Amino acid sequence: MPGGHLLLPWLLALAAAAAAAPSSLARPAPLAMRISCGAREDVHTPPTNTLWFKDFAYTGGIPATAKRPSFITPALKTLRYFPLSEGPENCYNINGVPIGHYSVRTFFGLVVQPSFDNEPLFDISVEGTQIGSLSPGWTGHDDQVFAEASVFLADNTAALCFHSTGHGDPAIVSIEILQVNDRAYYFGPDWGRGTILRTVKRLSCGNGMPKFDADYSGDQWGGDRFWDSVTTFRSGSDRERSTGESIKQTSLSPNYYPEGLYQTAIIGTDLVPDLEYTMDVDPNSNYSVWLHFAEIDASVTGAGQRVFDVLINGDTVFQSVDIIQRSGDRCAALVLNTTVAVSGRTLTIRLLPKEGNIAIINAIEVFEIVMAESKTSVDEVRALQSLKDGLMLPLRFGWNGDPCVPQQHPWSGIDCQFNSTHNNWVIDGLGLDNQGLRGFLSPNVSGLQHLQSINLSGNSIQGHIPSSLGTIASLEILDLSYNSLNGSIPESLGQLTSLKKLNLNGNFLSGQVPTALGGRLLHGASFNFTDNAGLCGIPGLPTCGTHLSAGAKVGIAFGACVALLLLVMCSVCWWKRRQNILRAQQIAAREAPYAKARTHFSHDIQLARHHNHGHARSTTENGPSLLS
């Protein structure tokens, strides 16, 4: 949709952030974009009066009444779901997002209708990279009712896509795009714009109630993180510990952890002094692990009284951790971060005491380090969209988001290939045969310059074969058979030197097969032009008459038109001249009697004058004048 429709919410969010700043010297509040999916009006939710923008023109799908699967799901009354009939890929495309680092989170919901699957299963991606996959039973776990990732947005847009896996229709309650510090969760040299941190687990230890940063009155630059609660790792083997004392060194850049996170903890017991927590993870991945500590046990007053090693999956990652020594004081926050490679399906964190007998921990964060997918060439995406519109592709195809990524969900009917030279994906195959397609083949198909195969056979495509196909130099197979194509075969197809198979049979094509194509048959190429009554010029087809090029045909047609025009003009001139002659003759005929009478009268006068001249007399002879 046009970016102009989406800039307003961002401007409103920016204005609200500015208003929230306590003074002109205060650090500006981060940008926050929250969408209540399916809502027709902006919504505010308790207890913090959080603003959620209405869902307008971001995507397709169907609005419906929402059922919240968990109490941590935002208290919103609507959702948007995407039936499979509208395609397996459906996306929210949000324009006008300032370039920066963001925490992107989406909550899932259930449609309040008895005919709907109570627990749809689907995948979620951000900017073409998959960040979540719902598993059976997700509605029973608070930390599985949403997907979240830390991602850099670099092109002023955010694309969140939901990919159907055939088990119910994806249903989305809300989307949040929350700005965080550009250096948030820096984990080492591999951190940056090419990586995404997918949230796997956040635990607040010793706390009996799950909380968001807002519940802790945390800094807005923290991204309003959700902290699940855990009061024990192994029942009877550890215990809770809490304090009301203030915690030093919290809410610091770049991660801005809330103070309340460090006021509760889990500690070991005399019988089981070590602590151990095991969680499920995806195998063969790298994980960024963040461990949070604060010495809140009143029995520990100085350095050296509690020292322990930290092991992950049996490997020691931190030795001789002394919280007071490292943080500088009691009740002071300490954050340790490491990256581990996990080949199995579990990640186990163990704190093994060395001094002081028992271990302590306040919070745990685990992120999967995901390499951001390279996107598909922008020019080829535009070409596919033009092809989609021209062929009137049915909704069931979807064709939303990026054609090639996430790699788990490419568009139906296309084949992708990674172009290492330009670090992007390109389209090398198009297979939409026997799909009931109509419309026409767009000339913009030439934008798919890496195509090796096109198969659009068995449809009802009309119009001409675009001559631009002749510019796809890599094309080896072109099958347009059994459609309703008309006109002649473009001469440009003869330029496809890599073409090995050309099927144009079963259409309404006419004219001579280009000479260059005919000659290729001698080099082992397989061409089929049958069932086109008007084609001629190669063995197996009728013999053509004198073959004229398209330019010659246009020239002849133009000359014939000019000649016809001259003939018409001459005929009009002759006809007008003839009419003038006839009119003159008619006038002459009407005036003939009067002309004869005038002629006789003139003749009589002349005779009289001649007679009088012969009998003239002198004045004397005539007598005196009567006037004298």
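Which residue in E12 is the bridge partner of Asn90? In this predicted model, that partner turns out to be Phe162. The pairing belongs to a run of seven bridges that join strand E6 (residues 89–95) to strand E12 (residues 157–167), with the two strands running antiparallel. Strand E12 also pairs with strand E9 (residues 121–126), again antiparallel, this time through six bridges.

Cys91 and Cys161 form a disulfide, with their sulfur atoms 2.0 Å apart. This pair connects distant parts of the chain, Cys91 sitting in strand E6 and Cys161 in strand E12, 70 residues apart. The torsion about the S-S bond is about 105 degrees, so the Cys91–Cys161 disulfide is right-handed. Both ends are tucked away: Cys91 is buried at a relative accessible area of 3%, and Cys161 is buried at 7%.

The count of disulfides comes to three. Another of them joins Cys404 to Cys416, with an S to S distance of 2.1 Å. Cys404 lies in the loop between helix H3 (378–390) and strand E27 (414–419), while Cys416 is in strand E27 itself, so the bond ties together parts that are 12 residues apart in sequence. With a torsion of about -85 degrees about the S-S bond, the Cys404–Cys416 link is left-handed. Cys404 is buried, at 3% relative accessibility, whereas Cys416 is partly exposed, at 24%.

Then there is Cys536 with Cys544, whose sulfur atoms are 1.7 Å apart. This link is right-handed, with 110 degrees about the S-S bond, and Cys536 is buried at a relative accessible area of 12%. When the bonded cysteines of the chain are numbered in sequence order, the pairing reads 1-2, 3-4, 5-6.

What keeps Cys570 from bonding to Cys573? The sulfur of Cys570 is 6.5 Å from the one in Cys573, the closest cysteine sulfur, and that is too far for a bond; the cut-off for a disulfide is 2.5 Å. Cys570 is exposed, with a relative accessible area of 54%. Cys331, by contrast, counts as buried, at 2% relative accessibility.

On the surface, Phe558, Val562, Leu565, Leu566 and Met569 make up a nonpolar patch, with about 510 Å² of accessible area together. One of these residues, Leu566, is found in helix H5 (residues 550–614). Leu566 counts as partly exposed, at 48% relative accessibility.

Note on methods: Residues numbered from 1 in each chain as written. Predicted model: local features only at pLDDT ≥ 70, side-chain atom pairs only at ≥ 80, totals over all residues. Heavy atoms only, no water. Patch = residues over 30% accessible without salt bridge, like charges linked within 9 Å, V, L, I, M, F, W, Y side chains within 5 Å. Areas by Shrake-Rupley, 256 points an atom, 1.4 Å probe, with all protein chains shown as cover. Salt bridge = Lys/Arg side-chain N within 4 Å of Asp/Glu carboxyl O. Helix = DSSP H or I, 4+ residues; strand = E, 2+ residues; numbered from the N terminus. Buried < 20%, exposed > 50% of the residue type's maximum accessible area, 1.4 Å probe, protein only. Pairing = 2+ DSSP bridges.
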